[in-house]
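Here is a short note for a colleague who is meeting this structure for the first time. Please keep the sequence and the model open while reading.

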Amino acid sequence: MISPTSPTSPVPPPVPVDTHPNRASDTNPPGPDRIPDPDRLAPEDAYFAHSLSRVRSVPLNYEDGLRSLRAADSGVATLLPPRSNLNDVTRKDVRKIGPAGSRRRRKGVWKKLLWVKQSYPDNYTDTETFLDHLQRNPRVRPYDFWPLVADSTVIVQHVCSVVIFICCFVGIVQDRVSPVSIVCWGSVGTAIGWILWDNWIWEEQTELARNLVGVKGGDDESSSSSVTSAPHPSGHDPQSTGLKADTIHGLGLSMSPSAHHKEDVSHLTSDEPGAFYGIADPASHSAASFLSPSTRVPHADVPVIERASLFSSRNRQRLSTVKSAFLIYFSLLGLSPILKSLTKSTASDSIWALSCWLLIMNIFSFDYGSGEGAGDTTKFPASLSTNAAVMASTVLASRLPSTTHVFSLMLFSMEVFGLFPIFRRQLRQKSWTGHVLLTLALVMIAGGAVGTTLGGGWGSAVIGSFLGSLLTAFAMGGCSWWLISLQKYKNVVIGPWDPARPIIRRHWN
Amino acid sequence: MPYNIAMVSDFFFPQSGGIESHIYQLSSKLIDRGHKVIIITHAYKGRTGVRYLTNGLKIYHVPFFVIYRETTFPTVFSFFPIFRNIVIREQIEIVHGHASLSSFCGEAILHARTMGLRTVFTDHSLFGFADAASILTNKLLKFTLSDVDHAICVSHTCKENTVLRASLDPLMVSVIPNAVVAENFRPLSNDSRAADQGAMSPVDQRPQPAPIGPDDTITIVVISRLFYNKGTDLLIAAIPRILALNPNTRFIIAGSGPKAIDLEQMLERNVLQDKVEMLGSVRHEEVRDVMVRGHIYLHPSLTEAFGTVIVEAASCGLYVVCTRVGGIPEVLPQHMTTFAKPEEDDLVVATSKAIAALRSNKVRTDRFHDQVKMMYSWRDVAERTERVYKGITGDISPEEFYGSYPGQGWEVSGDRVRSFALIDRLKRYYGCGVWAGKLFCFCVVIDFLIYVFLEMWFPRANIDIARSWPRKPPADKSHSSNGGRRDQ
């Protein structure tokens with residue numbers, strides 16, 4: 001084995017030395033001018049004894065080789081440090097490398113190069129360098145059971161809400177449930193959910209504003225500590241006007257981009273207000289952009305005004321929400337007669353099949369992510385999922401007898417497929433207990449709904465919800481266990497043949 | 001001893017490209033060595049029937065349905081009757097398929113094995129293992145290569161890739177690089193005298209060409225199809241920064257493709273039209289004329305099995321800056337290249353280093369042509385391919401061909417000399433996978449039945465034997481200059 005592999009060589013040399021006589025006697029240190037390896041196969045990655053892959057049998061049963069490697073518990077396997085014995089070649093002039101150059105020993109060192117004429121046959125396979133850049137499962141992340149089960153609740157929630165929707169539709173079609181009652185319950189639930197959601201958003205914003213105000217209050221206090229009564233600029237103090245101007249200026253500064261920052265700091269006599277400005281500035285700036293534009297106007301007593309403006313902006317948002325709710329409501333009301341007769345000429349069988357496929361599509365393309373790191377990549381499938389659900393409910397609604405039915409079902413589907421996921425996502429971020437409780441409730445309601453649909457009566461509902469919960473629990477555990485047990489078949493092979501991923505700094509100027 | 005060889009691939013002239021010229025050059029050099037070579041490809045628009053190229057190279061353009069980018073529709077069996085006819089007519093002994101994406105090649109290897117012929121496969125490209133397309137392609141390759149006698153790859157990286165993809169015995173895979181016709185890629189200063197100078201001309205006695213001054217313009221040439229996998233995004237990001245860092249630098253970009261529009265947008269946004277010249281696509285024979293206008297060849301590709309173009313550039317006397325991907329690090333010696341990671345920053349740094357090296361006149365680019373000429377020649381490729389033919393036909397013993405490396409773990413299998421018995425073939429195919437193995441066996445059995453049927457229905461005796469092109473005496477050893485045929 002060559003010398004530079006010694007840091008990683010608890011590995012016994014797998015090849016008899018006489019096959020590679022010059023390897024051991026290669027005295028050249030790895031000079032800076034040797035050919036280094038591709039970056040993504042850098043030696044800092046984990047190494048593993050390559051002897052396993054070297055000694056495997058010749059037909060190179062690929063899966064077997066991998067399994068043996070995996071059994072040896074190697075995340076990354078068979079990665080050797082770069083070859084080091086190349087610089088004696090590269091220093092040589094090309095003219096010397098011919099038959100004459102390599103005749104110093106009959107079997108010189110085999111090099112993984114094409115431009116050198118070597119004394120080895122073309123099908124010579126060097127046991128040391130062959131496949132030495134192969135990486136297996138380099139980015140594998142083992143799963144744990146309970147986190148996996150916890151994560152699967154998101155899927156369970158969505159499947160349950162779809163099941164509930166279907167059961168409601170079946171109930172409406174079979175005239176067991178009044179569509180108005182369903183839509184009323186749905187709307188009440190939606191309203192409660194919206195109030196909760198609104199509260200959370202409001203809390204978040206006030207929290208943010210409080211942080212901001214806290215910083216700014218400290219700012220005001222400290223800047224006025226040198227002089228008196230800055231918060232009540234009554235003009236008694238000889239310096240108060242100047243200070244007031246200062247304060248206003250400072251606040252104006254904190255609302256505006258920090259272009260005048262230095263200038264203002266230089267205005268101040270003492271150091272610590274300047275320091276405070278420096279701290280307060282970015283936070284207030286971000287808050288200013290976060291809040292409504294009205295807060296950008298400089299005011300003397302900021303906290304009150306800000307809270308009020310926050311409040312008004314909140315109200316404005318609520319107002320717009322209500323407006324859009326009414327818009328949807330009335331447009332649905334107007335569309336209902338059209339939707340009712342939309343698929344008159346289509347057989348019911350096709351409708352069942354179509355809606356079935358659409359709902360399956362909805363379940364499979366739903367955005368189950370937490371929405372935190374979700375960039376624009378998840379936008380498309382999410383919209384696909386919602387569209388599929390809305391289309392499914394549209395074709396289902398067209399089977400219903402009256403306009404009221406159609407309207408109710410459509411409104412209910414909007415609530416279930418459009419608004420409920422937003423609430424669920426927020427709830428999951430907000431409180432884990434709430435999330436678990438909601439999951440439980442959904443599972444039981446869905447089970448009960450299925451039971452009622454199939455059997456009818458309260459007894460079957462109870463049995464259904466019990467069986468449903470049991471079944472769901474088993475499915476969650478079983479699927480998680482299955483996924484974990486499937487991990488041993490994971491086999492990602494990465495090597496120099498893969499297209500490199502270019503690293504480009506985007507700088508559009 | 002001379003062989004009758006059929007090269008089979010979807011890709012051949014009139015389409016131009018690396019595989020096409022590889023097949024042509026290899027065939028013509030094999031003919032020079034006394035073999036008989038025919039090429040079987042599908043019919044191109046305006047190119048049907050049987051054609052002869054220079055030197056008696058016979059091309060069969062088989063009419064076939066083309067689906068995508070000159071690749072024929074994989075029908076598995078429908079090619080068999082006409083293939084059998086051609087093979088019998090031309091008395092073929094070895095079938096040599098090229099390119100793993102060519103379904104013609106895969107089918108021909110299957111039928112050839114059924115007919116009891118030796119087969120060789122040359123892989124020209126790299127494939128990953130991750131995406132669905134690769135998985136499908138790899139399965140097909142496994143089908144093709146389960147029963148092949150020998151495989152040839154163009155670089156060691158390519159060999160590793162092929163061995164993994166097709167689960168081959170590594171000793172059944174040879175590495176034979178591509179080559180260049182060095183005469184077609186002469187630097188400007190060499191134009192006049194290269195013809196009459198031998199390969200071993202004393203390069204040191206040559207006067208040093210005019211050195212590049214600190215203020216002289218350095219021209220960077222890029223010739224590539226403008227696709228994502230050719231690294232055009234890297235190029236787009238790097239060009240403005242290279243030009244900003246290095247005054248008196250110009251770019252010449254030849255090639256077309258879907259990324260051309262991005263490149264032009266970049267030029268307009270940075271107002272670089274006077275520093276970057278876009279030539280559009282150039283024909284292969286014009287490539288040299290573009291290359292000799294520059295000093296540095298920039299090759300930002302993201303994946304490359306061999307990278308013939310950087311050899312061509314070095315042969316034209318250009319200093320090469322390229323990304324260290326695929327088989328590229330094996331191709332050229334250190335003093336001709338500067339390697340970069342496939343990252344924008346590193347590419348800029350490497351190019352700037354190369355420019356600095358050229359400005360300080362440390363790089364003797366005037367010697368590159370002769371050096372490349374010694375490294376790569378089609379003559380050499382043909383010789384090495386001939387050794388593969390000898391090995392699989394048994395003209396050199398298996399021990400000599402496959403070598404014996406005791407104690408290295410490779411010598412376990414005795415299956416390297418592939419027998420033609422149907423049961424042995426089925427065994428090999430059965431190991432391809434749980435479902436795929438059975439499917440492949442099914443295909444092989446049907447193929448065999450078709451062969452039996454054809455033998456009965458269209459007996460061999462009824463097929464005329466084509467007269468061979470009158471053979472020249474084999475090229476003798478004293479014929480030293482590479483590709484000398486062109487100069488005669």
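How far apart are the end C-alpha atoms over residues 461–484 of chain A, and what is the helix content there?

1. **A helical span in chain A.** The end C-alpha atoms of residues 461–484 of chain A are 34 Å apart. The chain is 100% helix and 0% strand over these residues. Keep in mind that this is a predicted model.

2. **Annotated spans.** The unreviewed UniProt entry marks residues 461–484 of chain A as "transmembrane region". The same annotation covers residues 145–173, 179–197, 406–423 and 435–455 of chain A. Take residues 145–173 of chain A next: that span is also 100% helix and 0% strand. Its end C-alpha atoms lie 41 Å apart.

3. **Chain B in outline.** Chain B has 488 residues, and 48% of them count as buried. Its secondary structure comes to 15 helices and 16 strands. Consider contacts in chain B between residues at least 6 apart in sequence: 70% of these join residues at least 24 apart.

4. **The largest core.** The largest nonpolar core holds 133 residues. Those with the most contacts inside it are Ile296(B), Ile310(B), Ala314(B), Leu318(B) and Val320(B). Helix α6 of chain B, residues 232–245, gives the most to this core, with seven residues.

5. **Ile296(B) up close.** Which residues does Ile296(B) touch, leaving out those up to four places away in sequence? The list is Ile218(B), Ile220(B), Leu318(B), Tyr319(B), Val321(B), Ala354(B), Ile355(B) and Leu358(B). One of these, Ile220(B), stands opposite Ile296(B) in β14(B). The strands concerned are β11 (residues 218–223) and β14 (residues 296–299) of chain B, which pair in the parallel sense over two bridges.

6. **The six-stranded sheet.** β11 and β14 belong to an open sheet of chain B with the order β13-β12-β11-β14-β15-β16. The pairing is parallel.

7. Helix α10 of chain B spans residues 344–359. It lies across β11, β12 (249–254), β14, β15 (319–323) and β16 of chain B. Against β16(B), α10 runs at about 160°.

8. **A covered helix.** Is helix α11 of chain B mostly covered or mostly uncovered? Mostly covered: seven of its eight residues, 368–375, are buried. The buried ones are Phe368(B), His369(B), Asp370(B), Gln371(B), Val372(B), Lys373(B) and Met375(B). They pack against α9 (308–315) of chain B.

9. Strand β3 (residues 49–53) of chain B pairs with β4(B) in the antiparallel sense over five bridges. Leu53(B) stands opposite Leu57(B) in β4(B). The two strands form a hairpin with three residues between them. In the turn, Asn55(B) has a positive phi of about 70°. β4 (residues 57–62) of chain B also pairs with β2 (residues 36–42) of chain B, in the parallel sense over five bridges. There, Val62(B) in β4(B) is the bridge partner of His42(B).

How values were computed:
Residues numbered from 1 in each chain as written. Chains lettered and ligands numbered in written order. Predicted model: local features only at pLDDT ≥ 70, side-chain atom pairs only at ≥ 80, totals over all residues. Core = buried A, V, L, I, M, F, W, Y, C linked by C-beta atoms within 7 Å. Buried ≥ 20, exposed ≤ 12 C-beta atoms within 10 Å, placed from the backbone. Helix = DSSP H or I, 4+ residues; strand = E, 2+ residues; numbered from the N terminus. Contact = placed C-beta atoms within 7 Å. UniProt positions renumbered as here; feature names shortened; annotations may be inferred. Pairing = 2+ DSSP bridges. Axes fitted to C-alpha atoms, helices over the stretch in contact; angles between N-to-C directions.
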